[in-house]
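This briefing goes through one structure by topic: a helix, the ligand shell and the strands. Please keep the sequence and the 3D view open while reading.

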Amino acid sequence: MEKITIAIDGYSSTGKSTIAKQLAKALGYIYVDTGAMYRAVTLFAIRNGLVGGKHENIHALVQLLPKIRLKFIYNDDLGFSEMYLNNENVENEIRGLEVSKHVSRVAEIEEVRHMLVDMQKKMGKEKGIVMDGRDIGTVVFPDAELKIFMDASPEKRAYRRYRELLEKGQKVSYDDVLKNVQHRDQIDSSREFSPLKKADDAIAFDNSDMGLKEQFERIYNYTLRII
Ligand code: C5P
């Protein structure tokens, strides 16, 4: 069977990664969560006092980029890959609200995007990959055979994220999560370099009123029409 490249983009908390993971598993493909990469760079910036503190100096991050080593390592027990920043497993920390608050500003920096997009292109050289993010169908893999652009109402998305964070034991309020989701969408859609937008040839996919099973079946069917 021919291996293809699948790009799944869309707004925050639309459930891209859940579907992308399932799809990769069903096809025997590699799955890459590019949001985790932007989150890990943000965690590095927070730890080095470059964002979020009193003496914020976000642009100093550019000089420190060569010190950042990112790696995905597959966890057999969990059945998915976890993000490592300079050999430390940061999977939990990067999902918290503190990183979510700052990540979209870090993701606006041109040099950060260049570094991560280069890594992502290399990961997808052999095809057989499902990658999710904001600019996969437009910038990373403009020639991807299948492109999906996911959306859902902000309230539904915030509620899903809120429940996910509660399940992970994080103390958050629904209002804070909703504000964060809307704020990130606004920055992601209006930034200068590779803003979040639907590729012309992407399939628009609104999952506001769709369960996981239906979403998976529909997207899996799109894939079967191509391979
Ligand atoms: O997908 P996730 O919500 O984890 O992404 C976190 C943030 O990383 C997004 O809000 C966006 O600012 C940034 N991002 C990006 N381009 C990508 C993936 C994520 O700018 N391809």
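How many residues does α8 have, and how far does α8 reach from its first C-alpha to its last? The helix has 17 residues and reaches 25 Å, close to the 24 Å expected at 1.5 Å a residue. The model is predicted, and the points below are grouped by element.

**Helix α8**

- Val-177, Asn-180, Val-181, Arg-184, Asp-185 and Asp-188 are the buried residues of α8.
- Because these residues cover an arc of only 130° around the axis, they lie on the same side of α8.
- An α-helix has 3.6 residues a turn, so residues three or four places apart point the same way.
- Asp-175, Gln-186 and Ser-190 are on the other side of α8, where they are exposed.
- The packing partners of the buried α8 residues are α4 and α7, the latter spanning 154–167.

**Shell around the ligand**

- The ligand is surrounded by 13 residues, of which Gly-35, Tyr-38, Ser-104, Ala-107 and Gly-133 are the closest.
- Two or more residues of this shell come from each of α2 (34–47), α4 (97–106) and α8 (174–190).
- The element that gives the most is α2, with 4 residues.
- Sorted by class, the shell has 5 charged, 5 polar and 3 nonpolar residues.

**Strand β1**

- β1 runs parallel to β6 (residues 129–133), and 5 bridges join the two.
- Within that pairing, Asp-9 has Gly-133 of β6 as its bridge partner, and Ile-6 has Val-130.
- β1 also pairs with β7 (residues 146–151) in the parallel sense, over 5 bridges.
- Lys-147 in β7 is the bridge partner of Ala-7.

**Strand β6**

- β6 is largely enclosed by the rest of the structure, because 5 of its 5 residues are buried.
- Ile-129, Met-131 and Gly-133 point one way from β6, and Val-130 and Asp-132 point the other way.
- Gly-133 of β6 is also one of the closest residues to the ligand.
- Besides its pairing with β1, β6 is joined by 4 bridges to β2 (residues 30–33), and these two strands run parallel.
- Tyr-31 has Val-130 in β6 as its bridge partner, and Val-130 is likewise the bridge partner of Ile-6.

**The sheet of β3, β4 and β5**

- Which order do the 3 strands of the open sheet have? The order is β3-β4-β5, with antiparallel pairing.
- β3 (70–75) and β5 (88–89) stand at the edges, and each has a single partner strand, so one side of each is left without a neighbour in the sheet.
- β3 pairs with β4 (residues 80–85) in the antiparallel sense, over 6 bridges.
- Glu-82 in β4 stands opposite Ile-73.
- Strands of a sheet pair through backbone hydrogen bonds, either parallel or antiparallel.

Notes. Residues are numbered from 1 along each chain as its sequence is written. This is a predicted model: local features need pLDDT of at least 70, side-chain atom pairs count only at pLDDT 80 or more; totals for chains, interfaces and linings use all residues. A residue is near a molecule or strand if its C-beta atom, placed from the backbone, lies within 6 Å of it. Ala, Val, Leu, Ile, Met, Phe, Trp, Tyr, Cys and Pro count as nonpolar, Asp, Glu, Lys and Arg as charged, and the others, Gly among them, as polar. The expected span of a helix is 1.5 Å times one less than its number of residues. A residue is buried if 20 or more other C-beta atoms lie within 10 Å of its own, exposed if 12 or fewer, and partly exposed in between; C-beta atoms are placed from the backbone. The arc is that of the directions from the helix axis to the C-beta atoms. Two residues are in contact if their C-beta atoms, placed from the backbone, lie within 7 Å. Two strands pair if DSSP finds at least two bridges between them.
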